[in-house]
Amino acid sequence: MNAAPPLLEAEHLALEFEIARSGEIFVAIRDLTLAVARGSFTVVVGPSGCGKTTLLRAIAGLIPCARGRLAIAGRPVSGPGDDRAFVFQSPALMPWRDVLGNVIYGLELRRVPRAAARARAEAMIGLVGLTRFARHYPHELSGGMRQRVNLARALAVDPAILLLDEPFSALDAQTRETLQLELLRIWGETGKTAIFITHDIAEAVFLADRVAILSPGPASALLDEVEVALPRPRTAHTRRDPAFFALVDRVSACIGRIDPLG
Amino acid sequence: MAGDRVTTVRVSSDPVPAATIAASLAPPRPRRWLARYEGLALKTAGVAGVLGLWELAVDLGWGDPTQVSSPVRVARAAYVYLGTAQFVEDIAASALEFAAGFGLAVAVGIALGFAIGWFRRLELLLDPIINFLYAAPRIAITPLIVLWFGIDLASKVAVIFLMAVFPIIINTAVGVRSVDGDLRDLARSFNASDWQTLRTIIVPSAIPFIVTGLRLAIGVAFIGVVVGEFVAATAGIGFSIQQAASSYQVDQVFVGLIIIGFAGVALTEALRRLETQLARWKAR
């Protein structure tokens with residue numbers, strides 16, 4: 001695992017943005033060094049406001065880096081690229097397009113020929129289990145189904161890195177657990193590199209190969225990294241594994257140490 | 001997906017009380033009929049009531065029919081007027097003015113609205129002027145427009161354009177600015193060009209706002225038609241109202257009013273249908 005060079009590297013990365021109203025500079029991430037191996041599942045956890053989403057947006061190329069280095073496959077990130085796709089916290093679906101229309105969107109923007117794009121989109125809709133709903137509009141779908149569309153749209157452009165910004169945070173507990181299993185299945189089948197943001201520690205441990213813990217914001221830094229060596233494929237039984245609880249405790253303790261009020 | 005559905009079933013698997021089932025199986029018929037036609041019945045009753053009271057009041061001698069007319073007199077006047085060549089000339093003149101003025105307002109308003117919504121600096125540049133003109137009673141400028149454009153078609157087109165263009169500009173700009181930030185990010189994350197973002201995200205998001213602007217614009221455009229013709233015209237429905245009033249033909253005034261009213265209702269309804277067509281994806 002350590003033999004191959006990491007797919008994504010952050011070295012002493014700092015992320016800042018200007019607050020539009022006051023013109024102040026807000027430091028979201030002060031100093032972050034992180035390496036993500038190709039094909040791995042990395043989860044970034046941290047309390048609300050710790051800059052998790054800012055980090056993911058920087059990796060997506062939506063915001064620039066203030067200092068330090070952020071590189072993918074050895075090349076600095078300078079903007080959005082074909083090698084990454086974003087799965088949004090809100091489903092961010094176009095309400096005027098049906099499921100197929102939403103999933104095909106990225107392919108359409110990249111001018112993939114219509115027939116090929118359609119075949120690809122339909123395959124991804126099948127992968128997330130929505131074939132029967134391809135012609136449904138977002139308002140006709142449940143929250144969980146909308147997030148499946150969100151995921152299928154990102155997968156459709158066949159990115160090397162899948163960036164997931166708390167995609168399950170607005171779902172009810174049962175749907176969330178179902179989708180976590182689905183995500184792991186799809187990740188296993190497609191071999192993508194996944195970077196997943198959440199504030200749910202159990203979710204982080206359940207999904208991850210490695211959990212990166214950020215300190216509370218502003219000006220967050222990497223607090224600790226926890227390797228999750230639980231066997232794959234992970235199932236509902238994994239959640240009852242004592243080793244799972246031990247890891248959840250470890251991550252909780254790490255966050256709890258610095259933020260006793262949660 | 002299978003998981004989601006299982007969840008749904010589990011949540012809603014409480015036994016349904018037998019009484020509820022019975023009630024949902026056999027709804028009382030008359031009540032459902034009433035519910036379906038209640039709206040229409042009340043609307044009809046409202047219109048009929050007002051017309052009836054009006055006619056009754058005049059028949060009972062509470063008002064002078066040469067001053068306040070009455071539904072029967074209006075209907076009689078309408079029957080005569082609708083058969084004349086004058087009616088055809090009037091309606092053609094007003095329709096042409098409306099089509100030209102409103103069409104121009106739509107073209108300019110949507111284009112300018114997009115530009116203002118998209119380019120922040122252009123918005124700042126034009127904001128005070130547009131806000132002033134939007135809030136001001138623009139109709140007051142009509143005499144000046146007649147001075148500039150004469151009494152022919154051009155002056156009416158200019159008045160209607162001025163009335164209608166601002167609601168379209170403002171609503172279009174608001175529509176462009178209120179596009180969901182996540183959808184903008186979505187387009188950017190896929191490396192969409194500005195043109196692609198405009199076409200796939202901004203335009204579809206702005207359409208409901210534009211339609212609202214058009215609806216407001218129709219109302220004020222009709223005011224433009226009438227006032228424009230009041231001030232200077234040789235034909236038109238507004239002109240016919242003006243002529244009738246100055247020669248004490250009150251029945252004829254009401255005929256003109258009703259024609260304009262119906263035209264407004266018809267156009268607004270047409271727009272509502274267009275809106276439904278454009279928003280087929282919306283929850284009904």
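This briefing looks at the fold of chain B and at one strand of chain A. The model is predicted, so local features need pLDDT of at least 70 and side-chain atom pairs count only at pLDDT 80 or more, while totals for chains, interfaces and linings use all residues. Residues are numbered from 1 along each chain as its sequence is written, with chains lettered from A and ligands numbered from 1 in the order in which they are written.

**Chain B**
- Chain B has 13 helices and zero strands; helices (H or I, at least four residues) and strands (E, at least two) are DSSP runs, numbered from the N terminus.
- Its pattern along the sequence reads α-α-α-α-α-α-α-α-α-α-α-α-α.
- Of its 284 residues, 30% count as buried, a term for 20 or more other C-beta atoms within 10 Å of the residue's own, with C-beta atoms placed from the backbone.
- Take the contacts (C-beta atoms, placed from the backbone, within 7 Å) between residues at least 6 apart in sequence: 75% of them join residues at least 24 apart.

- S3(A) spans residues 41-45, and because five of the five are buried, the strand is largely enclosed by the rest of the structure.
- In a regular strand, side chains alternate between the two faces of the sheet.
- One side of S3(A) carries A:Phe41, A:Val43 and A:Val45, the other A:Thr42 and A:Val44, and all are buried.

**Strand S3 of chain A: partners**
- S3(A) pairs (at least two DSSP bridges between the strands) with S8(A), residues 193-198, in the parallel sense over five bridges.
- Within S8(A), A:Ile197 stands opposite A:Val44.
- S3(A) also pairs in the parallel sense with S9(A), residues 210-214, over four bridges.
- There, A:Val211 of S9(A) is the bridge partner of A:Val43.

Technical notes
Buried ≥ 20, exposed ≤ 12 C-beta atoms within 10 Å, placed from the backbone. Contact = placed C-beta atoms within 7 Å.
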